[in-house]
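The following note sets out points for a colleague who is examining the model. The points are numbered so that each may be checked in turn against the coordinates.

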Amino acid sequence: MDGLAHQFIAGIATGGIYASVALALVMIYQATHHVNFAQGEMATFSTFIALTLIQAGLPYWVAFVLTVVVSFALGVAIERVLMRPVQHAPVLTHVGVFIGLLLIVGNLTGWVFGYTTKVFPSPFESEGLLFGGLVSGHELGSTVVTLAVLLLVYLFFRHTTLGLAMRAAAYNPASSRLVGIRVGWMLALGWGLAAAVGAVAGMMVAPVVFLDPTMMLGILLYAFAGALLGGIDNPMGAVVGGFAVGVLENLAGAYVVGTELKLTVALAIIIGVLVVRPSGLFGRVVLSRV
Amino acid sequence: MSATEEVPAVPVLVQAPPRSAMATWQRGALVLLGLAAALAPIFVLESFQLFQLTMAVIMALAVLGLNIVTGYNGQISLGHGAFYAVGAYATAILMSHGDWSFWATLPVSAAVCAGLGYAVGFPALRLGGLYLALTTFSLAVAVPQILKHRAIEDWTGGVQGLFLVKPDPPSWLPLDADQWMYLVALGVSAVLFLLSWNLIRSRVGRALMAIRDNPTAAEAMGMDTATLKTRAFAVSAMVTGIAGSLGAVVIEFVAPDSFGFGVSISLFVGMVVGGVASIAGSIFGGLFVLFVPNIAEEISKAAPGVIYGAILILFLFLLPDGFAGLLRRLAARWRDRAAR
């Protein structure tokens, strides 16, 4: 029974990571109607930056903040340079640019930082287990950080003028432009925010799965599964979906299919949601008139 | 009365450019020339170069499969490597466990891949654009794991994979196995290219493109979009799967890790660079997929992937209709100048 409880809690901890990447996906979707395939690779790149800063002697939390800022800037820059010229192009072009970005960022990471698997430090004391052996310090800490990020993002979108402007720009670009919102910059901000949230997720997951250039590939798919499960247009749904996928994945990995089929679980969830309930658990059902 | 007088005169019919005014003997000569160019490598190239060219032909066929569903029908698939893998494994399993001849495995592999394509095409109906891309992408990522799984290890050979042997050339042909495989790949591909060409230029092909360009209008005109889309997926998966079968016998080996999502991405890049929605573009795509990684490696030993990605983005920005589109425009300009 203890094993089950621990699997459950470990699932919530990894679920938190999926939830934050899922949130980044949903956010970028709401702000730009893009699903960025390179999100995972960008997060890995950011995590390597963090490692470099830590190895250069900076304290963990200074490196953490610096990494988030740099990632934000990189996200904005990528939107400005790569996405803006093709914003009116067909979806196929967008997919192509994402794939190109994935190849470039993914290979650049390996090229610059090396392909060896590295240990990434955790800021939370991980000696021994807390609460009667149920949860490790890092699991607890990373869940708290994830929840804090989710809360911050929620507050930003609900209670600040800029957040309102970003939502407006995504919802109705033409009217937003008429009331003076700089829609183009809102898109860039959306990319920056998503990159920053991705970076946090990368730094939280790296101590668990170890850091190497392909670290985030599976995580991106789980996050996508979580986003779909919760409803791709609902940020809270994405968070709940992310946690649910984390628990499901851990339980299925431990008791049903074994670790080697974990990625297939993501595929099964994606296809299952799409066939049974395409709008997800909390998504708006979109009726289209034909 | 005056109103009728204002009706403009019947416009002079614009004459179609004399494009197809090629004499029969000229066409015949072109076909012969093309055939000679396709067969020449058998006698000219070294064994390894011929192997590479064979793989390029096979890649072209796989890109053609992707082009049918993504280029012509607008359903973005990033998972065609999965169908390629399934085709390869179908042939490998039948040949090494069942001692089937290569030719007998082709229809089975085609049927299995078409069935799988149909199955993937069904949930794909629920998804537009990016989601379909991401779902098929997850299929591509999951495939090596599924192939490695213990439950089917007896059939797939697990991580070690399966070895198989190239079919021998018929004894009346003075060719070795490599040369024969090139001919086989070329022949199978030529037939499938011809069939695809006819499919795209038929009523069904026009319907596929209509669904891509304006689904609402297509449905209003009475096209059964759901049926057409799932069948397009099935045909597309079948073509790519047959390419996988050919690839398996040419390499004489299949293993899970050679069918990672890199294959799917290569096919996608090949399609974009060769020319989206272009049959001829698929041929350029196949050549690109096979030869450019080598060239990229020569430019920079450290990061061929970076160059590969950069080429993809450059093509999307500068030549969105790919290499085939570039040739088409150059030819049009040349024809204009010749007509003047």
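1. Helices here are DSSP runs of at least four residues, numbered from the N terminus. In that numbering, B:Val272 is found in helix H12 of chain B. The model is a predicted one, and the points below should be read accordingly.

2. B:Val272 counts as buried because its relative accessibility is 2%, and buried means under 20% relative accessible area. Setting aside residues up to four places away in sequence, B:Val272 touches B:Leu312, B:Leu316 and B:Gly322. B:Val272 also lies 9.6 Å from B:Val63, C-alpha to C-alpha, although 209 residues separate the two in sequence.

3. Just after the helix, B:Gly275 takes a positive phi of about 140°.

4. B:Ser266 also has its place in H12(B), which comprises residues 261-274. Is B:Ser266 buried or exposed? Its relative accessible area is 18%, so B:Ser266 is buried. Leaving aside neighbours within four places in sequence, the contacts of B:Ser266 are with B:Val289 and B:Tyr308.

5. B:Phe315 belongs to helix H14 of chain B, residues 304-318. With a relative accessibility of 17%, B:Phe315 counts as buried. Beyond residues up to four places away in sequence, B:Phe315 touches B:Val273, B:Pro320, B:Gly322 and B:Phe323. The C-alpha atoms of B:Phe315 and B:Val273 are 6.3 Å apart, whereas the two residues are 42 apart in sequence.

6. Helix H11 of chain B, residues 225-251, has 27 residues. From first C-alpha to last, H11(B) reaches 39 Å, close to the 39 Å expected at 1.5 Å a residue. Because 20 of the 27 residues are buried, H11(B) is largely enclosed by the rest of the structure. B:Glu252 follows H11(B) and has a positive phi, near 65°.

7. In chain A, helix H5 (residues 137-159) packs against helix H6 (residues 161-171) at an angle of about 80°, with the axes 5 Å apart. H5(A) is therefore roughly perpendicular to H6(A). H5(A) contributes A:Phe156, A:Phe157, A:Arg158 and A:His159 to the contact. From H6(A) come A:Thr161, A:Leu162, A:Gly163, A:Leu164, A:Met166 and A:Arg167. By class, the contact has five nonpolar, three polar and two charged residues.

8. How much area do chain B and chain A bury between them? The value is about 3,800 Å², of which 83% is on carbon and sulfur atoms. The contact takes 40 residues from chain B and 42 residues from chain A. On the chain B side, B:Leu130, B:Tyr131 and B:Leu134 lose the most area to chain A, together 18% of what that side buries.

Methods
Residues numbered from 1 in each chain as written. Chains lettered and ligands numbered in written order. Predicted model: local features only at pLDDT ≥ 70, side-chain atom pairs only at ≥ 80, totals over all residues. Heavy atoms only, no water. Axes fitted to C-alpha atoms, helices over the stretch in contact; angles between N-to-C directions. Helix = DSSP H or I, 4+ residues; strand = E, 2+ residues; numbered from the N terminus. Parallel < 35°, antiparallel > 145°, perpendicular 65-115°, else oblique. Contact = heavy atoms within 4.5 Å. Nonpolar A, V, L, I, M, F, W, Y, C, P; charged D, E, K, R; others polar. Expected span 1.5 Å × (residues − 1). Buried < 20%, exposed > 50% of the residue type's maximum accessible area, 1.4 Å probe, protein only. Buried area = accessible area lost by both parts, 1.4 Å probe.
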